[in-house]
Amino acid sequence: LTSLSTLTVVRNANALCLLLAEWFCFGVRPSLGKVLSLTVIVVGVCIYTWQDLQDSRTSVLGLFFVLLDAVLVCIESLFIRYLLAVRP
């Protein structure tokens, strides 16, 4: 299992994934400032997740489901963006 705070922290990394996905899928080029600031967030998420894995109550399976949730949220957000921007 994993904690709710881990889910919240990992969800914050979705912004960088969505930024990159929008760039590749829709051609929306991000600014350097956005990329750098979101990279700092992702580094923080990695540090937090690594520390959370050191806790005996956190399992790899729990983190897998947290990452699966993050991927599904990114896919849903991209689909909504596609429907709103490309095919209104």
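Which element gives the most to the lining of the largest pocket? The legends below take this up in a predicted model.

**View 1. Lining of the largest pocket by element.** Helix α4 gives the most to this lining, with 5 residues. The elements that give two or more residues are α2, α3 (32-54) and α4 (60-86).

**View 2. Centre of the largest pocket.** The volume of this pocket is about 210 Å³. It is lined by 13 residues, and Val10, Ala13, Cys17, Val45 and Leu67 are the closest to its centre. By type, the lining holds 11 nonpolar and 2 polar residues. No charged residue takes part.

**View 3. The largest nonpolar core.** This core has 5 residues. They are Val10, Ala13, Val45, Val66 and Ala70. Val10, Ala13 and Val45 are also named among the residues closest to the centre of the largest pocket.

**View 4. Asparagine 14 in helix α2.** Asparagine 14 belongs to α2, which covers residues 14-26. Its relative accessibility is 6%, so asparagine 14 counts as buried; the cut-off for buried is under 20%. Beyond its neighbours within four places in sequence, asparagine 14 is in contact with Ala70, Val73 and Cys74.

**View 5. Contacts of alanine 70.** Alanine 70 is a member of the largest nonpolar core. With neighbours within four places in sequence left aside, alanine 70 is in contact with Val10 and Asn14.

Conventions
Residues are numbered from 1 along each chain as its sequence is written. This is a predicted model: local features need pLDDT of at least 70, side-chain atom pairs count only at pLDDT 80 or more; totals for chains, interfaces and linings use all residues. Side-chain values use heavy atoms; hydrogens and water are left out. Helices (H or I, at least four residues) and strands (E, at least two) are DSSP runs, numbered from the N terminus. Buried means under 20% relative accessible area, exposed over 50%, partly exposed in between (1.4 Å probe, protein chains only). Contact means heavy atoms within 4.5 Å. A nonpolar core is a set of buried Ala, Val, Leu, Ile, Met, Phe, Trp, Tyr and Cys residues joined through side-chain atoms within 4.5 Å. On a 1 Å grid over the protein atoms alone, a cavity is a set of points where a 1.4 Å probe fits but cannot get out, and a pocket is an open set with protein on both sides within 12 Å along at least five of seven lines; lining residues have an atom within 4 Å of a point. Grid points are joined across faces, edges and corners, and a volume is the space filled by probe spheres set on the points. Ala, Val, Leu, Ile, Met, Phe, Trp, Tyr, Cys and Pro count as nonpolar, Asp, Glu, Lys and Arg as charged, and the others, Gly among them, as polar.
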